[in-house]
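Me: Hi! Could you go through some charged pairs with me once the structure is up?
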Amino acid sequence: MDINCFIEAFADLFEETEADAFSPETHFRDLAEWSSLIALSVMSMIDDEYDVQLNASELRQANTIQELFEIVSSKKS
Amino acid sequence: MSNPFSLKGKSIMVTGASSGIGRSIAIECSHMGADIIMVARNQSRLEETLSMMGEGNHVMILTHLEIEEELDNLVENITSLDGVVHCAGIAPHHPFKFVSRSKFEETFAVNFFAPALLSQKLVKKKKMSKPSSIVFISSISGNCIAASASTAYCSSKAAIGGLVKSMAVDLASQGIRVNSISPGAIRTAIFDSGQFSEEDIKAEEQRYLLKRLGKPEDIAYAAIYLLSDASSWTTGSNIVVDGGYTVL
Ligand SMILES: NC(=O)c1ccc[n+]([C@@H]2O[C@H](COP(=O)([O-])OP(=O)(O)OC[C@H]3O[C@@H](n4cnc5c(N)ncnc54)[C@H](OP(=O)(O)O)[C@@H]3O)[C@@H](O)[C@H]2O)c1
């Protein structure tokens with residue numbers, strides 16, 4: 001799994017936030033555009049792209065994109 | 001004095017009786033005197049429902065409702081029914097951008113095709129008494145409002161809206177009444193799937209005129225009305241039970 005592809009797919013879920021706002025250290029919940037609909041989109045994207053089913057409480061454990069990436073990687077292996 | 005809401009002597013099938021609203025419907029109908037045929041997949045949860053029910057000749061039939069052969073077996077096992085409540089359902093969340101044919105099909109299999117085909121088979125095999133009552137547990141979602149990331153769910157519940165009216169027309173001459181109940185948010189497993197925090201729920205309660213979410217019994221009592229002789233002149237209708245949510 002490549003973090004850059006992950007960040008690209010993650011950024012693609014946002015309409016207004018510019019691509020350069022996303023890095024491994026981004027605290028995604030602090031982004032102005034973050035919403036419950038985007039949270040559901042993140043779970044759907046991870047299911048579609050990585051075949052990993054995250055539930056809402058697993059998603060809540062991650063604060064940064066890096067942390068989320070690690071949760072997905074660990075569930076995949 | 002006889003009670004027009006009594007279900008004494010009536011044989012009633014309840015799908016989704018292992019949890020939430022369906023469980024409450026099975027329990028409350030048993031207290032009104034009905035014999036209940038409980039349908040779902042999980043035996044231990046059905047047994048838990050049974051342990052909470054009033055006296056009567058109750059049975060459980062384990063069925064995967066999305067599998068057509070299992071619907072046929074279920075119908076084979078039935079002698080005759082005075083009422084059916086279609087309550088089994090799923091509510092997956094998929095943002096519209098991420099829906100697919102398979103995700104639509106998965107939701108429709110349980111929420112639309114199962115109750116539609118089970119009803120059809122019961123009618124065709126002459127298992128519905130004359131008179132009898134078929135009740136669909138629909139939702140305000142898809143019929144009055146929509147929630148986010150719910151296109152598959154809302155579409156399946158809107159389809160039930162059309163089915164109910166049309167079935168009512170086709171089945172009136174056989175003495176079969178067909179109605180639906182559209183609940184607002186009820187605190188059950190479907191609702192508590194970890195997606196909402198206690199804070200979200202408190203905020204949601206404020207959006208209800210009656211300042212609380214629904215309880216499964218709120219829906220069970222409406223089902224009792226639709227199953228009983230009290231509703232003899234009610235068919236093709238939808239009863240909204242939503243704490244006043246949709247009038248605001
Ligand atoms: N809760 C709400 O806020 C709300 C609001 C509006 C409408 N509704 C509707 O009310 C109905 C009941 O919801 P609930 O909140 O009580 O949900 P729930 O607690 O999750 O119960 C769902 C029931 O459906 C059964 N079921 C699901 N898939 C099945 C399948 N493939 N085959 C057989 N049984 C299946 C489950 O039994 P097993 O797992 O044992 O099979 C369970 O008994 C649903 O149709 C829902 O759309 C709920």
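Me: Is Arg101(B) buried or exposed?
Reply: Arg101(B) is exposed, at 65% relative accessibility (buried means under 20% relative accessible area, exposed over 50%, partly exposed in between, with a 1.4 Å probe and protein chains only). Bear in mind that this is a predicted model, where local features need pLDDT of at least 70, side-chain atom pairs count only at pLDDT 80 or more, and totals for chains, interfaces and linings use all residues. Side-chain values use heavy atoms, leaving out hydrogens and water.

Me: Which side chain meets Arg101(B) in a salt bridge?
Reply: That's Glu105(B), at 3.8 Å from N to O. A salt bridge here is a side-chain nitrogen of Lys or Arg within 4 Å of a carboxyl oxygen of Asp or Glu. Glu105(B) is partly exposed at 45%.

Me: And what joins into a network?
Reply: Glu68(B), Asp72(B) and Lys121(B) do, through salt bridges that share partners. In the Asp72(B)–Lys121(B) bridge, the closest N and O atoms are 2.9 Å apart. Asp72(B) is partly exposed at 34%, whereas Lys121(B) is buried at 11%.

Me: Switching topic: how many salt bridges are there between chain B and chain A?
Reply: There is one. Asp48(A) pairs with Lys103(B), with the closest N and O atoms 3.3 Å apart. Asp48(A) is partly exposed, at 44%, and Lys103(B) is buried, at 11%.

Me: How many residues does the contact take from each chain?
Reply: Chain B gives 10 residues and chain A gives 11, where contact means heavy atoms within 4.5 Å.

Definitions and conventions. Residues are numbered from 1 along each chain as its sequence is written. Chains are lettered from A and ligands numbered from 1 in the order in which they are written.
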